[in-house]
Amino acid sequence: MPGARHSRFASSHDVELCGFAATGERRAFGELVRRHGSAVRGVLRRMGAQGAEADDVAQDAFLTAFERIAEFRGEGTFAAWVKKIAARIYLRRLQRDRRLSSMTAEAIEDEPEVPRGDADANIDLEEALKALSEAERLCVSMCFGAGLSHTEAAEALNLPLGTVKSHVKRGLEKLRTRLAPDDGVVLEGRRGNG
Amino acid sequence: MAELEFERRLERLFAESPELADAGAFAERVERRLNAGWTARRWLIGAAGVVGGVIGASQLMMSGLFQRVETAGDSARFLSTSLNHLSTTTDWITAVSSGGAVVWVAAGLAVIMMGFVLTRVIGEI
């Protein structure tokens with residue numbers, strides 16, 4: 001009975017679903033996509049991918065994850081694992097289309113003026129990220145959104161580690177001035193482990 | 001310290017990705033692509049199995065194996081005749097080795113086996 005099987009998956013933990021998916025159970029993997037699809041697409045959008053492109057890359061990332069599900073050992077969360085895959089696929093696509101070099105080069109010469117914003121204003125992350133150059137946005141999103149280390153990001157971007165660190169540092173400074181102080185809201189428990 | 005707190009906060013903000021309105025449709029698209037890939041793979045494995053079976057059968061035919069099996073059958077017949085002199089309990093050897101049916105049964109089993117093995121190997125790959 002497909003419906004019953006679906007509801008069983010809905011109450012399963014991510015790790016269990018990965019186990020089912022590893023045996024070729026595609027509906028279990030579909031449940032994982034349902035849970036974490038938005039998060040993966042969100043990271044890609046924050047890295048600078050436009051809507052349709054972000055969706056394409058996210059789809060490719062999930063398909064790759066399904067192919068390589070046996071490699072997922074459950075050391076981190078499933079969502080974090082797929083986000084890393086998605087970030088790398090997106091970078092490869094940028095490299096293939098020769099957009100990456102222009103993005104990173106632009107950041108070095110072009111330093112946009114960042115107005116010292118009102119720190120009390122409740123600006124969300126999306127808005128705050130717009131103040132960053134493309135390279136800063138890419139580096140910050142890769143390190144804080146996709147969970148890559150500075151070294152991993154430098155390797156993926158084919159940039160010196162110091163350059164990535166300075167992009168991240170400058171990006172963080174800009175974000176700090178634009179984001180409202182933490183209101184101490186603690187995230188509510190999310191379903192799954194992602 | 002404040003820097004570290006800010007970095008943690010930023011990680012939290014990044015993790016707080018809102019559920020997109022078309023999350024269900026997106027998941028369905030991914031599932032459709034998964035299923036399409038799976039169907040294509042099944043066809044490919046099946047076709048490879050058939051092709052492998054045909055190639056295996058033709059190789060068996062070409063290699064003169066049947067002649068060798070028939071020779072072996074003759075030897076078995078000769079042996080069974082000889083053994084008949086010794087004991088009547090060897091009647092089954094004569095029954096099995098008589099006629100060319102055993103050759104075709106063996107060939108059929110070989111083809112099925114080759115197809116099965118090839119399918120499994122491709123499946124594993």
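Which residue, with a positive phi, follows α3(A)? Gly48(A) follows α3(A), with phi near 115°.

The model is predicted: local features require pLDDT of at least 70 and side-chain atom pairs count only at pLDDT 80 or more, whereas totals for chains, interfaces and linings use all residues. Residues are numbered from 1 along each chain as its sequence is written, and chains are lettered from A and ligands numbered from 1 in the order in which they are written.

**View 1. Helices of chain A.** Chain A contains 10 helices and 0 strands (DSSP runs numbered from the N terminus: helices are H or I of at least four residues, strands E of at least two). Of the 194 residues in chain A, 45% are buried (20 or more other C-beta atoms within 10 Å of the residue's own, with C-beta atoms placed from the backbone).

**View 2. Helix α3 of chain A.** This helix spans residues 26–47 and bends by about 55° at His36(A) (the angle between axes fitted to the seven residues ending there and the seven starting there). In α3(A), 19 of the 22 residues are buried.

**View 3. The largest nonpolar core.** Leu44(A), Val82(A) and Ala86(A) touch the most other members of this 66-residue core (a set of buried Ala, Val, Leu, Ile, Met, Phe, Trp, Tyr and Cys residues joined through C-beta atoms within 7 Å). The most residues, 11, come from helix α5 (residues 78–96) of chain A.

**View 4. Surroundings of Ala86(A).** Beyond its neighbours within four places in sequence, Ala86(A) is in contact with Val40(A), Val43(A), Leu44(A), Val57(A), Ala58(A) and Ala61(A) (C-beta atoms, placed from the backbone, within 7 Å).

Note on methods
A residue is buried if 20 or more other C-beta atoms lie within 10 Å of its own, exposed if 12 or fewer, and partly exposed in between; C-beta atoms are placed from the backbone. Two residues are in contact if their C-beta atoms, placed from the backbone, lie within 7 Å.
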